[in-house]
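Subject: Structure handover

Hi,

Here is the structure for you to look at. My notes follow below it.

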Amino acid sequence: RSAPAERSVMCRFRPLNDAERSRGDQSLPKFNGDDTVVLGKPYVFDRVLAPNSEQLQVYQTCARHIVKDVLGGYNGTIFAYGQTSSGKTHTMEGRLHDSRLMGIIPRIAGDIFEHIYSMDENLEFHIKVSYFEIYLDKIRDLLDVSKTNLAVHEDKNRVPFVKVTEKPIATCSRSHSIFLISIKQENVETETKLSGKLYLVDLAGSEKVSKTGAEGALLDEAKNINKSLAALGNVIAALSEGTKSHVPYRDSKMTRILQDSLGGNCRTTIVICCSPSASNEAETKSTLMFGQRFPLPSSSFLDLRSQSWPRSSSACPHCGRSQ
Ligand SMILES: Nc1ncnc2c1ncn2[C@@H]1O[C@H](COP(=O)(O)OP(=O)(O)O)[C@@H](O)[C@H]1O
Ligand SMILES: [Mg+2]
């Protein structure tokens with residue numbers, strides 16, 4: 001496992017919560033080594049993180065290497081997938097100002113600034129972030145709630161990074177929330193430029209609608225979520241197969257937005273989040289199945305990287321990497 005793969009699938013189980021424990025729910029999964037979970041049958045992933053995993057360990061396993069790539073001029077995406085209350089938001093955000101419980105996003109922010117402070121003075125960094133959600137295929141900017149249906153362009157909804165943590169933001173588990181960090185670097189002496197983008201995506205809950213449960217607007221909402229998650233799965237699966245010429249990016253707004261950070265020479269990490277409780281067994285199995293859809297591409301990320309890049313001044317169509 002020394003050469004980092006272009007796509008990786010991590011699986012994280014949360015502990016039983018208080019309600020589940022007080023009901024006497026059983027914890028079902030058994031963990032085998034660091035890459036296998038047994039739930040009826042074994043499921044193998046790049047890494048499996050058992051319920052006792054700490055946030056720091058999750059960060060180091062799932063995200064730290066992506067920060068290096070983005071600072072090196074590549075694009076990347078990290079997704080958290082799973083049913084509602086499986087631990088997606090805990091994994092991506094966690095408790096923001098708590099050094100032990102903070103999740104991937106605040107740790108990434110910290111790492112980026114640490115990196116910048118350690119760099120050569122000739123390097124100038126421009127960092128922009130945006131935070132938006134997709135609900136029923138409409139985009140809403142979460143840093144400026146007055147804008148409700150933004151066009152799919154990057155330039156309009158960016159604000160300076162430092163403002164973000166100041167603002168309490170309510171997100172909804174029925175929408176996909178997307179945090180984008182773009183980093184541009186310029187060496188002021190040599191005028192060489194490098195840019196990379198990182199999308200951090202807390203997906204809408206993947207639970208199935210029960211046959212009798214939802215009606216009307218709720219049913220439309222659930223169908224829309226299932227459709228957009230299926231579209232995402234199809235895009236990543238098509239990219240994993242590698243040989244397929246058609247990647248169905250156009251099937252959902254989210255995959256259209258993420259297009260330049262999923263294909264080509266980008267790094268994608270999917271963290272599938274699972275409940276250990278017997279009461280969630282069916283959903284957990286369906287989450288595990290989703291994670292098993294993506295075989296690793298035959299060529300590793302490093303192999304792709306060693307191919308020479310086109311030396312034009314225009315951006316790579318797959319990655320947006322300039323140079
Ligand atoms: N690994 C974990 N350790 C401790 N508590 C967790 C863990 N994962 C989730 N939780 C808690 O479980 C609840 C549901 O998690 P949350 O991240 O909000 O789920 P989701 O975003 O998938 O709906 C929250 O109160 C959260 O703090
Ligand atoms: Mg959530």
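A polar contact here is a pair of N or O atoms within 3.5 Å; within protein, one atom must be able to donate a hydrogen and the other to accept it. Keep in mind that this is a predicted model.

**Ser252**

Start with Ser252. Its side chain makes a polar contact with the side chain of Thr255, at 2.9 Å. Ser252 lies in the loop between α6 (216-241) and α7 (253-258). Buried means under 20% relative accessible area. Ser252 has 3% relative accessibility, so this residue counts as buried. Leaving out residues up to four places away in sequence, Ser252 touches Ser228 and Ala231.

**The ligand site**

Next is ligand 1. Which residues are around ligand 1? They are Arg12, Arg14, Pro15, Gln83, Thr84, Ser85, Ser86, Gly87, Lys88, Thr89 and His90. By class, this shell has 7 polar, 3 charged and 1 nonpolar residues. Helix α4 (residues 88-92) gives the largest share of the shell, with 3 residues.

- Ser85: a backbone N or O atom lies 2.6 Å from a ligand oxygen.
- Lys88: an N or O atom in the side chain is 2.8 Å from a ligand oxygen.
- Gly87: a polar backbone atom is 3.1 Å from a ligand oxygen.

On its own, ligand 1 has 560 Å² of accessible area, and the protein covers 64% of that.

**Strand β1**

Arg12 belongs to the ligand shell and also to the residues of β1. Strand β1 spans residues 7-13. Is β1 mostly covered or mostly open? Mostly covered: 7 of its 7 residues are buried. Arg7, Val9, Cys11 and Phe13 point one way from β1. Ser8, Met10 and Arg12 point the other way. In a regular strand the side chains alternate between the two faces of the sheet.

With strand β12, β1 pairs in the parallel sense over 7 bridges. With strand β5 (residues 47-49), β1 runs parallel and is joined by 3 bridges. Arg12 takes part on both sides: this residue stands opposite Cys273 in β12 and opposite Leu49 in β5. Ser8 has Thr269 as its bridge partner in β12.

**Strand β12**

**Asn187**

Last, Asn187. Where is this residue placed? It sits in strand β10 (residues 176-187). Asn187 counts as buried because its relative accessibility is 16%, and the cut-off is 20%. A polar atom of the Asn187 side chain lies 3.2 Å from the backbone nitrogen of Thr190. Not counting residues up to four places away in sequence, Asn187 touches Asn122, Leu123 and Thr192.

Best wishes

Notes:
Residues numbered from 1 in each chain as written. Chains lettered and ligands numbered in written order. Predicted model: local features only at pLDDT ≥ 70, side-chain atom pairs only at ≥ 80, totals over all residues. Heavy atoms only, no water. Helix = DSSP H or I, 4+ residues; strand = E, 2+ residues; numbered from the N terminus. Buried < 20%, exposed > 50% of the residue type's maximum accessible area, 1.4 Å probe, protein only. Contact = heavy atoms within 4.5 Å. Near = heavy atom within 4 Å. Areas by Shrake-Rupley, 256 points an atom, 1.4 Å probe, with all protein chains shown as cover. Nonpolar A, V, L, I, M, F, W, Y, C, P; charged D, E, K, R; others polar. Pairing = 2+ DSSP bridges.
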